[in-house]
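Hi,

Here's the structure I said I'd pass on. Have a look at it first, then read my notes below.

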There are 2 protein chains.
Amino acid sequence: MNTASAMLLDAVKWNEHGLVPAIAQDATTGEVLMLAYMSREALALTVQTGDAHYWSRSRQALWKKGETSGHIQHVRELRLDCDGDTVLIKVEQVGGVACHTGRRRCFYNRLVDGAWVLTGDTDPVLTSPGKFPTQNDA
Amino acid sequence: MNTASAMLLDAVKWNEHGLVPAIAQDATTGEVLMLAYMSREALALTVQTGDAHYWSRSRQALWKKGETSGHIQHVRELRLDCDGDTVLIKVEQVGGVACHTGRRRCFYNRLVDGAWVLTGDTDPVLTSPGKFPTQNDA
């Protein structure tokens, strides 16, 4: 990919913490995998390297997705919404696991009869959560 | 749908403004339509009525999606992520237009050769933007 220009980065409406929410969507299945936050540097590195980088709010640090787990996200498409305050990334999810719990995606709690139900049948744990940081970095 | 219980609402990790980001995804096509924010009341009303409600940060007011434009979002599925700080809604988008600019979705700016490009060919304006509030309420 290209070097991220100041114009590209300035088009983003960064929030009061200097971050923008980024939705990661599986480029093949269309499944929404996770939502994390990008700093200016994280977006620049994402554009430059072609791999998703985020800002970990819990660790207050730049974070290359999959750096520890190997579950890197190769960016296939980057989009910005109408008012510039949300990024959408279509990714090729290496290992098929985006969530720190070892699941395919983070959205495994579904509302059923008024309660959030863990959808273990459709969202099983595919790899040991022990391989991941214990806390979600998003 | 059901009445939203306190337990359902308490499972959400509300941010410092009492809001949670909610990703609206087209239930049929899988396309990510928009990201907006829900207050506790907005999520409760979404669950109770089956139609998406948000909190407008610009107007600081509860907002039933499509109340003015008719482009209501009927909720087909509600999901919460692993750490409870993002909601995913699969919706049936009435009128096929989610964006206040009159487009199908808000993510019509695509990164091409280092610049955000308005994808008018794949994301045309389908209805007059004049029918919508001039500012995105998200």
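Start with β5(A) and strand β7 of chain B, residues 109-112: two bridges join them, and the strands run antiparallel. Keep in mind as you look that this is a predicted model.

Now zoom out to the whole interface. How many residues of each chain are in contact with the other chain? It comes to 46 residues of chain A and 44 residues of chain B. Between the two chains, about 3700 Å² of area is buried, and carbon and sulfur atoms give 57% of that.

As for polar contacts, 19 residue pairs make one between chain A and chain B, counting pairs with both residues at pLDDT 80 or more.

Which elements give two or more residues to the side of chain A that touches chain B? They are β1 (19-26), β2 (32-39), β5 (73-80), β6 (87-93) and β7 (109-112), again of chain A. The strand we started with, β5(A), gives the most, with five residues. Sorted by type, the residues on that side of chain A are 21 nonpolar, 13 polar and 12 charged.

Cheers

Terms used: Residues numbered from 1 in each chain as written. Chains lettered and ligands numbered in written order. Predicted model: local features only at pLDDT ≥ 70, side-chain atom pairs only at ≥ 80, totals over all residues. Heavy atoms only, no water. Contact = heavy atoms within 4.5 Å. Buried area = accessible area lost by both parts, 1.4 Å probe. Polar contact = N/O pair within 3.5 Å; in protein donor to acceptor, adjacent residues only side chain to side chain. Helix = DSSP H or I, 4+ residues; strand = E, 2+ residues; numbered from the N terminus. Nonpolar A, V, L, I, M, F, W, Y, C, P; charged D, E, K, R; others polar. Pairing = 2+ DSSP bridges.
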